[in-house]
Amino acid sequence: MAAKLELLPAVDVRDGQAVRLVHGESGSETSYGSPLEAALAWQRSGAEWLHLVDLDAAFGTGDNRALIAEVAGAMDIKVELSGGIRDDASLAAALATGCTRVNLGTAALETPEWVAKVIAEFGDKIAVGLDVRGTTLRGRGWTRDGGDLYETLARLDSEGCARYVVTDIAKDGTLTGPNLELLRNVCEATDKPVVASGGVSCLDDLRAISELVPLGVEGAIVGKALYAKAFTLEEALKVVAA
Ligand SMILES: O=C(O)c1ccccc1NCC(=O)[C@H](O)[C@H](O)COP(=O)(O)O
């Protein structure tokens with residue numbers, strides 16, 4: 001288990017632009033310009049990880065595959081790739097970017113046999129995103145219900161899933177703080193590391209998530225707060241190093 005919380009600044013890509021959504025809803029975008037510039041800026045600021053999302057692939061409105069490959073290829077740091085990775089072809093394209101790991105979402109709900117197969121084949125290169133409203137999972141760019149969180153978690157655990165990225169959709173992009181209770185509950189239900197996602201608004205939120213490291217929280221994805229300049233990545237990295 002990691003001793004300090006890992007920080008994963010997010011670059012979510014829609015129609016070629018770095019954007020932030022509210023509650024992950026298509027159409028709620030605020031644009032922040034070039035994804036490559038954003039990713040390079042986080043790297044220059046000392047990030048050890050980048051969380052890179054192809055929102056068009058997640059929503060089924062096309063993809064940004066070439067751009068995502070360009071961004072991932074330009075990074076000297078670890079990259080977690082998410083969005084629309086649902087079959088052999090999209091997984092092969094994602095892994096070919098040289099990313100450190102991929103995050104599967106919808107596939108874990110809709111094609112569990114395929115997910116079990118790729119977990120067995122690729123081990124900790126595969127994480128599963130558990131994106132929830134309450135305790136109900138959501139797939140297809142968070143637009144469709146996909147079953148119970150804890151039943152799915154038990155199934156994935158039994159298949160050897162290495163890691164979970166847990167998002168409370170009600171918090172995502174809202175700057176209203178992470179759902180610490182959800183994180184605690186998921187950590188109680190699994191021995192595997194958990195990456196927290198959604199809602200971080202201030203440095204105290206990162207301090208609060210850091211307190212969950214002994215329970216199994218390994219990292220925190222930070223999006224909107226960095227783009228809205230609530231704090232700098234340098235400040236955030238200092239807080240988690242303390
Ligand atoms: O990750 C996905 O596949 C995804 C699919 C559909 C909508 C949103 C998706 N991801 C969003 C993120 O990973 C955010 O970058 C992350 O939760 C940060 O949230 P916040 O700090 O609240 O901006």
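By class, the lining of the largest pocket holds 6 nonpolar, 6 polar and 3 charged residues, where Ala, Val, Leu, Ile, Met, Phe, Trp, Tyr, Cys and Pro count as nonpolar, Asp, Glu, Lys and Arg as charged, and the others, Gly among them, as polar. This is a predicted model, in which local features need pLDDT of at least 70 and side-chain atom pairs count only at pLDDT 80 or more, while totals for chains, interfaces and linings use all residues. Residues are numbered from 1 along each chain as its sequence is written, and side-chain values use heavy atoms, with hydrogens and water left out.

**Around the ligand**

- A polar contact is a pair of N or O atoms within 3.5 Å, and an oxygen atom of the ligand lies 2.8 Å from an N or O atom in the side chain of His51.
- An oxygen atom of the ligand is also 3.0 Å from an N or O atom in the side chain of Ser82, and an oxygen atom of the ligand is 2.7 Å from a polar backbone atom of Gly173.

**Helix in the pocket lining**

- With 3 residues, α4 gives the most to the lining of the largest pocket, helices being DSSP runs of H or I with at least four residues, numbered from the N terminus.

Conventions. A polar contact is a pair of N or O atoms within 3.5 Å; within protein, one must be able to donate a hydrogen and the other to accept it, and residues adjacent in sequence count only if both atoms are side-chain atoms. Helices (H or I, at least four residues) and strands (E, at least two) are DSSP runs, numbered from the N terminus.
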